[in-house]
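Hi,

Here is the structure I promised to pass on. Have a look at it, and then read my notes below.

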Amino acid sequence: MSIEYYLIVAAILFSIGVLGVLTRRNAIIIFLCIELMLNAVNLTFVALSNHVQNLDGQVFVFFVMIVAAAEVAVGLALIVAIFRQKETVYVDEINLMKW
Amino acid sequence: MLEPILFFALAVIAIAAGIGMIVHRNPVYSVLLLIITLFSLAGFYVLLNATFVAAVHMIVYAGAIMVLFLFVIMLLDLREESDRFTLKKFSRVLAFIAAIIFLGEAFLLVDMAISDGGLAIGMGAQTAQVGDTPALGKLLFTKYLLPFEIASVLLLVAIVGAVILAKRELLPKQAG
């Protein structure tokens, strides 16, 4: 399977993630779509690493996964803290800083 | 002969589950559909001869991160959303158009990269079997040792930050 098919699938998954981030109101669903975007980038890295026969792409996938795990931990803790204050997870209702 | 069939099956499953994830109202179903996408992505990694990355991907993403999502959704006791994902609101139409434009840009970039032959850059020294676990480990501990150690510090910081952010109340101030 030539490489452009993998890159196209990764691009489609990334666009689906972008669509989800722009469209949904639930903060946790937005987070899930961000995870989908990160996974699409991971697929791009692994596909290109296979294409140029260089393992550096897979090492970078490691680091992307580590950063994604750390980001999910902190982000979900933030959402829980916000929920305790405002009793909502919908991002259009969290508008205290709106002028 | 098997590889194109497997590739297209995994691609259809991944994209269908992705679209289902952003459309579905119940957040638990969205998490489960993303887990299906992650499974198919692990299948892609195996097809690309990156078996260790596939295993770590399953363990970290589907085994830890998605479970954390489910914990938080059930802790916050989220119900289904009240509005369906239809394209009636103008902002959703705009978001859809933006996503289509972005997809077109991504296709254009892929086409440019393929046709100009610019993808043969940086042929590394490891022309041995790609995805070999000892080779990956050797690379991680020699060339990428500093990012590896910094990643461990990052995880520690994330743990401390998550605990502090999710604490129920701060410690009471000492009198006097």
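In the contact between helices α3(A) and α6(B), A:F63, A:I66, A:V67, A:A70, A:A73, A:V74, A:A77, A:L78 and A:A81 meet B:P147, B:F148, B:A151, B:L154, B:L155, B:A158, B:A162 and B:L165. Contact here means heavy atoms within 4.5 Å. Sorted by class, that contact has 17 nonpolar residues, no polar and no charged ones (Ala, Val, Leu, Ile, Met, Phe, Trp, Tyr, Cys and Pro count as nonpolar, Asp, Glu, Lys and Arg as charged, and the others, Gly among them, as polar).

Helices are DSSP runs of H or I with at least four residues, numbered from the N terminus.

A word on the source: this is a predicted model, where local features need pLDDT of at least 70 and side-chain atom pairs count only at pLDDT 80 or more, while totals for chains, interfaces and linings use all residues. Residues are numbered from 1 along each chain as its sequence is written, chains are lettered from A and ligands numbered from 1 in the order in which they are written, and side-chain values use heavy atoms, leaving out hydrogens and water.

Now the charged pairs. Over all chains there are three salt bridges (a side-chain nitrogen of Lys or Arg within 4 Å of a carboxyl oxygen of Asp or Glu).

One crosses between chains, from A:D56 in helix α3 of chain A to B:K143 in the loop between α5 (133–142) and α6 of chain B. Its closest N and O atoms are 2.6 Å apart. A:D56 is buried at 15% relative accessibility, whereas B:K143 is exposed at 52% (buried is under 20% relative accessible area, exposed over 50%, partly exposed in between, with a 1.4 Å probe and protein chains only).

Salt bridges with shared partners also join A:R25, A:D92 and A:E93 into one network. A:R25 pairs with A:D92 at 2.9 Å between the closest N and O atoms, and with A:E93 at 3.7 Å. A:R25 sits in the loop between α1 and α2 of chain A and A:E93 in the segment after α3, so this pair ties together parts 68 residues apart in sequence. A:R25 is buried at 17%, while A:D92 is partly exposed at 42% and A:E93 is partly exposed at 37%.

Cheers

Terms used:
Helix = DSSP H or I, 4+ residues; strand = E, 2+ residues; numbered from the N terminus.
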